[in-house]
Amino acid sequence: MDLKLYDTLTREKRVFVPLDPSNVRMYVCGPTVYDFAHIGNARPVIVFDVLFRLLRHLYGAAHVTYVRNITDVDDKINARAAEEYPDLPLNEAIRKVTEKTDKQFHDDVAALGCLPPTVEPRATEHIAEMKALIERLIASGNAYVADSNVLFSVRSMPDYGKLAKRSLDEMIAGARVEVAPYKRDPMDFILWKPSKPGEPAWPSPAGIAAPGRPGWHIECSAMSWKYLGETFDIHGGGIDLVFPHHEDEIAQSRCAFHTPLMANFWMHNGFLQVEGEKMAKSLGNFVTIHELLATDKFGAMRWDRAVLRLAMIKTHYRQPIDWTVRALEESKAIIHSWADAIQPHIVEPYDRSLSVPNLLIEALCDDLNTPLALAEMHKMAHAARDGDETSARLLAGAADFFGLHRSAWDSKLDQHIFDSAFNSRVDDLIAARNQFRKARNFAESDRIRDELAKLGVVLHDNKDGTTWEIAR
RNA sequence: GGCCACGUGGCGGAGUGGUUACGCAACGGUCUGCAAAACCGUGUACCCCGGUUCAAUUCCGGGCGUGGCCUCCA
């Protein structure tokens, strides 16, 4: 089956052919570790996790290399460190901030069911590769030294602006930034810059005496080079990174290696809004992954990981997505209806004999059409409720493929259930109620049902007896 | 101001040059002491204006609206 992916560079959907099927290579821009990851940060992580899973399915888990970097050198990190730990030396404060944030990020994305990438390189551990690239770019006449900075000369690259689909002249006409006097061209960007005293600093390349640190763009060119080579298959990230970040990565890598392409496919996920508005701290609608999972700040409840993940893949990755309480409630309803459909067939979570439905793979092979894949899952759920065990197993397999954590679906796994005192109390009340029902004393039986409802227990009267679950 | 996207029923959201998407919610029914769940059924859509076409929600142009980038923000 052909996998088709949309490529931002050519603005077309086309068949994906790996450079080397025994090692399919993907790079995705990871977080800058200075604060809790918000739900917008979660989108590319989840989107490319789904792609990673699909590639592993198509080419074999051992034949896919997924690299997602950690940016741990950055002005925002410096600022945060100085703010949070004003009494510590800056470098020590920076280490505290990056270590803490890095751990939070990994806890959050693991909770969201994302597989760990094959490699997660840190920028500060790849300074040597960055300097090597910078030296190459200077040697090839694509970069120059000015005022202890190293800058990339955009005029040296005829194709500059192709990804963002705008010419240099258009960019300059629209620019609203002040241009540093040492730049040869207003659009030239920093590869290396001098550090202020106390800031992280490394010996500079290009014979610059003052110690310095890398610009933002060069790190991704360096790390993708080290782990994936000069040209690789897929480069992903949020659409906001198209310009300047990815444009500049392309310029650096292609000029350093004299290659026509950096990656064969450039993939970008759409932006995320919250309740119809841009997410911003100033608007007070900033919502972190941690808050969704562990607090009731958004929508007055904690959300299950599967609900969050489903809410994310319900929309095609290139479409804008509006993150709303209503959408989460809908996702929750869907998860529960699937849980109900699977439950009678007793498909164990982590059952390794489950297979991934072909219809699911077919949908995903069409540029990751997750909404269509979910529609197929609804059909499976329908058949499962009709008693078809095969469909139940397919649905479970599909859910597992998507990382929807079925183990958390069953409300009976709620912590209440492990409380045997609570259990026996519920069972006693149900027995009492059924006595009243048998005696047709419905006033009393309804009173008991209300009492149970107050405990969060919902009853289902079936032919064979009464079952219960924790209210959803 | 420049550039780039997007605009489908109450809501979410695929897709297609002519044929039911799907889901959530709502409504009617079956079942049930009543509920709940489940099942069956029902309704409402393709931003506006032109053009191409036998036929456009789908292609082209314009408009309006929303968003993104141009500010090291996924």
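In the predicted model, I430 is part of helix α14, which spans residues 420-438; helices (H or I, at least four residues) and strands (E, at least two) are DSSP runs, numbered from the N terminus. I430 is buried, its relative accessible area being 8%. Here buried stands for under 20% relative accessible area, exposed for over 50% and partly exposed for values in between (1.4 Å probe, protein chains only). With neighbours within four places in sequence left aside, I430 makes contact (heavy atoms within 4.5 Å) with L452, L459, T466 and W468. L459 stands 29 residues from I430 along the chain, and 8.6 Å separate the C-alpha atoms of the two.

This is a predicted model, in which local features need pLDDT of at least 70 and side-chain atom pairs count only at pLDDT 80 or more, while totals for chains, interfaces and linings use all residues; side-chain values use heavy atoms, with hydrogens and water left out. Residues are numbered from 1 along each chain as its sequence is written, and chains are lettered from A and ligands numbered from 1 in the order in which they are written.

Chain A contains 15 helices and 15 strands. Its 472 residues include 51% that count as buried. The C-alpha atoms occupy a box of roughly 95 × 55 × 40 Å along the principal axes. Of the contacts between residues at least 6 apart in sequence, 73% link residues at least 24 apart. An automatic or database domain assignment supplies the domain bounds: domain 1 covers 4-269, domain 2 covers 273-409 and domain 3 covers 413-470. The centres of domain 1 and domain 3, taken over C-alpha atoms, are 57 Å apart.

RNA strand B has 51 residues around it, of which K76, K193, G238, L241 and R449 come nearest; a residue is near a strand if one of its heavy atoms lies within 4 Å of it. The surface near the RNA consists of 14 nonpolar, 17 polar and 20 charged residues, where Ala, Val, Leu, Ile, Met, Phe, Trp, Tyr, Cys and Pro count as nonpolar, Asp, Glu, Lys and Arg as charged, and the others, Gly among them, as polar. Helix α12 (residues 370-385) provides the largest share of this surface, with six residues. Sugar or phosphate accounts for 58% of the RNA atoms within 4 Å of the protein, and bases for the rest.

Polar contacts are pairs of N or O atoms within 3.5 Å; within protein, one must be able to donate a hydrogen and the other to accept it, and residues adjacent in sequence count only if both atoms are side-chain atoms. A backbone N or O atom of G238 is 2.5 Å from a sugar or linking oxygen of RNA strand B, and a side-chain N or O atom of K314 is 2.9 Å from a sugar or linking oxygen. A polar backbone atom of G40 lies 3.4 Å from a base nitrogen.

Elsewhere, a cis peptide bond, with omega about 0 degrees, connects F243 to P244, and P244 belongs to helix α7 (residues 242-257).
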